[in-house]
Amino acid sequence: MNYIKKPMEIEKRSFEIITEELGEKVNNFTYEELQIVKRVIHTTADFEYADLIEFKNKPIEMGREAIRNGTKIYCDTSMIANGLSKISLKLYDCEAYSLVADKEVSLLAKERGVTRSIIGMEKALEDKETGIFIIGNAPTALYKLLEYVKETGIKPKLVIAVPVGFVGAAESKEALNNFEFPYIRINGRKGGSSVAVAILHGILYELDKFEGRLNE
């Protein structure tokens with residue numbers, strides 16, 4: 001059978017197909033935004049994401065700045081934290097972590113009768129070195145983050161808001177309309193951990209400094 005075997009060629013052709021099928025929609029985004037859109041579509045094979053994704057308050061610019069400054073990145077699932085490129089993050093002295101599997105978080109969640117995502121977010125918000133928050137699964141984590149910002153006035157450097165599901169997912173993302181910090185969201189029910197990873201990788205891989213270091 002005749003088929004493409006080299007991984008780089010497969011990826012290159014995949015992005016060519018995505019660009020072709022997006023058609024005029026490529027004009028709806030800046031160059032930097034389009035790289036993220038393409039990565040999300042590459043991950044999901046779902047072109048509807050080009051209509052659902054939204055960039056507000058200079059999220060790419062602010063995300064880059066936070067990464068360059070070595071921010072910690074809180075992820076609402078272990079899958080996101082494990083899926084992010086360790087090599088890329090290490091170049092900037094960034095650390096991605098999740099607390100939902102932490103034993104103390106689990107115990108506190110049971111005691112209070114709330115989700116582990118709420119407790120995990122509360123603990124992450126206590127860490128002042130954490131500037132980027134990635135939510136790919138739990139609307140309750142996003143709601144808790146928004147409550148914190150409303151109560152304290154302290155704004156995150158970047159929020160990637162892509163919780164997936166039927167209960168609170170769309171609504172929690174709609175609640176971002178009332179906030180002015182930088183965020184990237186997927187409107188509606190769609191999203192998930194793989195989408196969240198693709199979005200941050202889209203920011204990481206387009207950093208000029210990162211590209212320079214990558215070629216060293």
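Visitor: What makes Glu 16 partly exposed?
Guide: Glu 16 has a relative accessible area of 30%, and since buried means under 20%, exposed over 50% and partly exposed in between (1.4 Å probe, protein chains only), Glu 16 is called partly exposed. This is a predicted model, in which local features need pLDDT of at least 70 and side-chain atom pairs count only at pLDDT 80 or more, while totals for chains, interfaces and linings use all residues. Residues are numbered from 1 along each chain as its sequence is written, and side-chain values use heavy atoms, with hydrogens and water left out.

Visitor: How do you know that Arg 13 forms a salt bridge with Glu 16?
Guide: A salt bridge is a side-chain nitrogen of Lys or Arg within 4 Å of a carboxyl oxygen of Asp or Glu, and the closest N and O atoms of Arg 13 and Glu 16 are 3.2 Å apart, so the pair meets the definition. Both residues lie in helix H1 (residues 7-22), three residues apart, about one turn of the helix; helices (H or I, at least four residues) and strands (E, at least two) are DSSP runs, numbered from the N terminus. An α-helix has 3.6 residues a turn, so residues three or four places apart point the same way. Arg 13 and Glu 16 also belong to a network of salt bridges that links them with Lys 12 and Glu 20.

Visitor: Which parts of the chain does the salt bridge of Lys 72 and Asp 127 link?
Guide: The side chains of Lys 72 and Asp 127 meet at 2.5 Å, N to O. The pair links distant parts of the chain, with Lys 72 in strand E2 (residues 72-75) and Asp 127 in the loop between helix H8 (116-125) and strand E4 (130-135), 55 residues apart.

Visitor: Why is Lys 72 called buried?
Guide: The relative accessibility of Lys 72 is 16%, which is under the limit for buried, so the word applies.

Visitor: What makes the contact of Lys 123 and Glu 104 a salt bridge?
Guide: The side chains of Lys 123 and Glu 104 meet at 3.3 Å, N to O, which is within the limit, so the pair counts as a salt bridge. Lys 123 lies in helix H8 and Glu 104 in helix H7 (residues 103-112), so the pair ties together parts that are 19 residues apart in sequence.

Visitor: How many salt bridges are found in the whole structure?
Guide: A search of the whole structure finds twelve.
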